[in-house]
Structures are given as C-alpha cells and as structure tokens.
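Look at the chain first as a whole, then follow the text from one region to the next.

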Amino acid sequence: SLTRLSAHISRAKCFQITLTKVYNQAAFLEDLRTLYRSAGVQQKQTVFLFTESEIKSESFLELINSVLMTGEIPGLFAKDEMMAMTA
C-alpha cells in the first residue's frame with residue numbers, strides 16, 4: 001500500500017495490528033502500549049496503519065479517536081510504569 005511505501009521511504013517502522021479470533025480490547029490496548037513505547041520511549045519513527053477491516057469493536061474507534069484528539073489514552077499505563085518510563 002502507499003502507506004507502507006511512504007513509511008519505507010521515510011525510514012519509519014510500520015506498525016499494524018494482527019487480528020485473531022480472540023483479539024479483544026485488552027489485546028488492542030497491549031498493541032497500543034507497544035506502539036507508544038516504540039514511538040515515545042524509544043523515539044523510533046513509527047507509522048500506525050489501522051484499516052477499517054481491523055475494527056473489531058466500536059471501542060477500538062473510541063480509543064483511536066482519543067489518540068487523534070488528545071494524543072493519549074487515559075489509563076493506558078499504570079502510574080508506576082509511567083514514572084519508570086519518564087525517569
């Protein structure tokens with residue numbers, strides 16, 4: 001896709017979730033934690049590729065909307081985990 005090509009040209013890592021039968025909101029949140037660690041803590045250039053076929057639940061859209069509106073997801077990281085990452 002053009003998104004993958006653009007990520008490759010800009011030397012960014014393309015991050016995309018992999019759906020399974022048991023993929024749920026907890027697994028989606030874990031993938032978002034991985035994405036935030038890569039892009040934020042490790043400061044790797046990252047492209048998040050999320051297609052409409054990966055919308056398994058309406059709650060996924062609410063989380064993505066939160067990322068797009070504020071850049072954060074409330075409660076994504078525990079306070080002690082957040083403190084360890086920012087120290």
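By class, the residues that line the largest pocket divide into eight nonpolar, three polar and two charged. Here Ala, Val, Leu, Ile, Met, Phe, Trp, Tyr, Cys and Pro are nonpolar, Asp, Glu, Lys and Arg are charged, and the others, Gly among them, are polar. A pocket is an open set of points on a 1 Å grid over the protein atoms alone, where a 1.4 Å probe fits, with protein on both sides within 12 Å along at least five of seven lines; lining residues have an atom within 4 Å of a point. The space in the largest pocket is about 250 Å³, a volume being the space filled by probe spheres set on the points. Among its 13 lining residues, Y36, E72, F77, M82 and M85 are the closest to the centre. Two helices, α2 (25-41) and α4 (79-86), each give at least two residues to the lining, and the largest share, four residues, comes from α2.

All this describes a predicted model, in which local features need pLDDT of at least 70, side-chain atom pairs count only at pLDDT 80 or more, and totals for chains, interfaces and linings use all residues. Residues are numbered from 1 along each chain as its sequence is written, and side-chain values use heavy atoms, with hydrogens and water left out.

The chain has four helices and two strands, in the order α-β-α-β-α-α along the sequence. Helices (H or I, at least four residues) and strands (E, at least two) are DSSP runs, numbered from the N terminus. Of the 87 residues, 25% are buried, where buried means under 20% relative accessible area, exposed over 50% and partly exposed in between (1.4 Å probe, protein chains only).

Aromatic rings come next. Rings of Phe, Tyr and Trp (its six-membered ring) pair if their centres lie within 6.5 Å; planes under 30 degrees apart are stacked, over 60 edge-to-face and the rest tilted. There are five aromatic pairs. Y23 and F60 form an edge-to-face pair, 5.9 Å centre to centre with 85 degrees between the planes. This pair links Y23, in the loop between β1 (13-16) and α2, to F60 in helix α3 (residues 58-70), 37 residues apart. Y23 is buried at 8% relative accessible area, and F60 is buried at 1%. The rings of F28 and F50 have centres 5.7 Å apart and planes at 40 degrees, so this pair is tilted. Because F28 lies in α2 and F50 in the loop between β2 (46-49) and α3, the pair ties together parts 22 residues apart in sequence. Ring pairs link F15, Y23, F28, F48, F50 and F60 into a cluster.

Finally, T46 is in strand β2. Its relative accessibility is 23%, so T46 counts as partly exposed. Leaving aside neighbours within four places in sequence, T46 is in contact with A12, K13, F15, L35, S38 and A39.

Conventions: Contact means heavy atoms within 4.5 Å.
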